[in-house]
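Open the model in your viewer and keep the selection tool to hand.

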Amino acid sequence: MSTNLEAYWMPFTANRQFKANPRLLAAAKDMHYTSHDNRQILDGTAGLWCVNAGHCRPKIVEAIQKQVAHLDYAPPFQMGHPLAFELAERLIKMIPGNHFDRVFYGNSGSEAVESALKIAIAYHRVRGEASRVRLIGRERGYHGVGFGGISVGGIATNRKFFGSLLPGVDHLPHTHNLEHNAFSHGQPEWGAHLADELERIVTLHDASTIAAVIVEPVAGSTGVLVPPVGYLEKLRAICDKYGILLIFDEVITGFGRLGTSFATEYFGILPDMITVAKGITNGTVPMGAVFTRKGIYDAFMESTPENAIELFHGYTYSGHPLACAAALATLDVYEEEGLFQHAQELAGYWENAIHSLKDLPHVIDIRNLGLVAGIELASRPGKPGARGMECLESCYETGLLIRTTGDIIALSPPLIIQKEHIDQIVEILAGVLQKLI
Ligand SMILES: Cc1ncc(COP(=O)(O)O)c(C=O)c1O
């Protein structure tokens, strides 16, 4: 390859390993990438959980092209542009029940999370409960890479290099348990009681010090951890009991991944805030957002004089015109093509296909929900992650993009996927797993 790869310090990547054997994606269309050596790679991960409508969709591409030639940028502080308002209204209406009424924009999942955590603490303060500053996350949670996100997140490698993080953070236990739940189809039966740990945390710190609990309804990045039946309901009930805000981080589960607009709809549980990113623009232009339920915005308005800024937070690119144009076109595509419905209809086929890999070598668990699946492989003794990485490399060589976290394979294809693509994913994976040592 002629390109010099050295100058780019790649994120979350084994740089030296990658640069010795690079995997460069040169183009993309619908369900496929084209690799730099001109091979078609079936996208089993919607990019990085974000290209839900498939790649280079003409409507979205054209909307971005048109927008950049028309209004390239508008400052979001004390100024606005029409698309940001139009999009906010449209997003809010996607969630049934008229429960959410405001949208705050950032540029990524990480920024959405930082914004939500700050809004939670500030919300209690403007209501006169300034002692509520603690944030509760969960082990194995991933909430991006800001200091707030890694503090409430539960992944040791993402935390241990970065000092003492935010003070006043505690964690719920994760819900992953192979002994009880291996090879569950959909939501596991065992584990709702783990939500009761929140009671213990409240007893320890006192409710008057706790601002919010943040969880991914389905944990994605740590290997697809599906919530046990009744678990999220319990979290909601305990938060209600103690006046704690519940934040669903839907950066992955939002925009059709489970066959509904958001996980909140899938599970029938309404959090106080939802963080989104990724699928909001189909991965084309960076964008993140926080949805807040009725009453949160009002609390800021009621406590601040009309001519004063109510929330001292925001980004130069909050509600960027290109992101808004991309998002509006993306929502059109989701709607016009019925992609969430399509995902729902295919979920059963997906589940059966993925679980057919059960008896292959190294497979110790398979889990799924909507169009997401996790396949957990036994780690090689003394070499955690090695088998997973080799699996990723072999799949890529064979024409399939998968994602791995350690030795767990995560799959989350674009929602335009058809049955023959699912068959192909399973066939390639089966072939790779059979040869993997
Ligand atoms: C649940 C969740 N929250 C936050 C993030 C961070 O998003 P970003 O990488 O856009 O900052 C991710 C990314 O995968 C995520 O899965």
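How far apart do the C-alpha centres of domain 1 and domain 2 lie? They are 26 Å apart. This is a predicted model, in which local features need pLDDT of at least 70, side-chain atom pairs count only at pLDDT 80 or more, and totals for chains, interfaces and linings use all residues. Residues are numbered from 1 along each chain as its sequence is written.

**Domains.** Select 15-57 + 337-435 for domain 1 and 63-336 for domain 2; the bounds come from an automatic or database domain assignment. Across the boundary, 33 residues of domain 1 are in contact with 30 of domain 2 (contact: C-beta atoms, placed from the backbone, within 7 Å). Next pick α14 (339-355), which gives the most to the side of domain 1 that touches domain 2, 7 residues. Helices are DSSP runs of H or I, at least four residues, and strands are runs of E, at least two, numbered from the N terminus.

**Ligand.** Show the 14 residues that surround the ligand; Ser108, Gly109, Ser110, Gly144 and Val251 are the closest. A residue is near a molecule if its C-beta atom, placed from the backbone, lies within 6 Å of it. Helix α5 (residues 109-126) supplies the largest share of this shell, 3 residues.

**Sheet.** Now select the open sheet of 4 strands, in the order β1-β2-β3-β13 with mixed pairing. β1 (25-29) and β13 (400-401) are at the edges with a single partner strand each, so one side of each has no neighbour in the sheet. Strands pair if DSSP finds at least two bridges between them; β3 (residues 40-43) and β13 pair in the parallel sense over 2 bridges. Finish at Leu42, which stands opposite Leu400 in β13.

Conventions
Contact = placed C-beta atoms within 7 Å.
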